[in-house]
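This report describes a single protein chain from its predicted model.

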Amino acid sequence: MAKLDLQLNGDFDQILVDLDKVILSESMSAHLEGSSDFHLADTRCSVRVYERYSYLGQNRVSMNITLFQSHEEILLSIISSGGSQAVFFKINTFGEEYFLDTIRPLLKKYDAVEIN
């Protein structure tokens, strides 16, 4: 598992569009598995689950993105998983880290600050 929690500055909708574009354009096997969107008063939450094939690990890797906004504060949680072929413990997490790393250059655009 690879995980990254961030605080961002910018427009919620544009961040979501940009994340989708980057993730889907970085790998020809990447696709959106499912999504949910919630809106309540001044609070919004969007969840996206992507999956792609990891050539390095010879398996499929998933990435969950949760974008949350309350008033002006925007938080992003990214968790990727599934990059190991071991039965009892993880041998390699290269695919998980690489999938998460595809987003890092975009995060600079939104002045991302890591939290936790």
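## Fold and model

The protein contains 3 helices and 6 strands, where helices (H or I, at least four residues) and strands (E, at least two) are DSSP runs numbered from the N terminus. Along the sequence the elements follow the pattern β-α-β-β-β-β-α-α-β. Residues are numbered from 1 along each chain as its sequence is written, and side-chain values use heavy atoms, with hydrogens and water left out. The model is predicted: local features need pLDDT of at least 70, side-chain atom pairs count only at pLDDT 80 or more, and totals for chains, interfaces and linings use all residues.

The mean pLDDT (the predictor's confidence in each residue, from 0 to 100) is 88 for the protein, and 85% of the residues score at least 70. Where pLDDT is low, the predicted coordinates should not be read in detail.

## Surface and contacts

Of the 116 residues, 38% count as buried; buried means under 20% relative accessible area, exposed over 50%, and partly exposed in between (1.4 Å probe, protein chains only). The accessible surface is about 6800 Å², and 56% of it belongs to carbon and sulfur atoms. These areas come from the Shrake-Rupley method with a 1.4 Å probe; for residues, only the protein chains shown count as cover.

A contact means heavy atoms within 4.5 Å. Among contacts between residues at least 6 apart in sequence, 55% join residues at least 24 apart.

## The sheet

The 6 strands form an open sheet in the order E2-E3-E4-E5-E1-E6, with antiparallel pairing; two strands pair if DSSP finds at least two bridges between them. E2 and strand E6 (113–114) stand at the edges, each with a single partner strand, so one side of each has no neighbour in the sheet.

Strand E3 (residues 43–54) and E4 run antiparallel and are joined by 12 bridges. Ser 54 stands opposite Asn 59 in E4.

## The nonpolar core

A nonpolar core is a set of buried Ala, Val, Leu, Ile, Met, Phe, Trp, Tyr and Cys residues joined through side-chain atoms within 4.5 Å. The largest one has 24 residues, and those with the most contacts inside it are Leu 8, Ile 65, Leu 67, Leu 76, Ile 78 and Ile 103. Two or more residues come from each of strand E1 (2–8), H1, strand E4 (59–70), strand E5 (73–81), H2 and helix H3 (104–109). H1 gives the largest share, 6 residues.

Leaving aside neighbours within four places in sequence, Ile 65 is in contact with residues including Leu 19, Ile 23, Val 47, Tyr 50, Leu 76, Ile 78 and Ile 103.

## Individual residues

Asp 18 lies in helix H1 (residues 12–25) and is buried, with a relative accessible area of 8%. Beyond its neighbours within four places in sequence, Asp 18 is in contact with Leu 106, Lys 109 and Tyr 110. The side chains of Asp 18 and Tyr 110 make a polar contact at 2.4 Å. A polar contact is a pair of N or O atoms within 3.5 Å; within protein, one must be able to donate a hydrogen and the other to accept it, and residues adjacent in sequence count only if both atoms are side-chain atoms.

Most residues other than glycine have a negative phi. Ala 41, in the loop between E2 and E3, has a positive phi of about 55° and is exposed, with a relative accessible area of 65%. Asp 111 lies in the loop between H3 and E6, and its phi is positive, near 50°.
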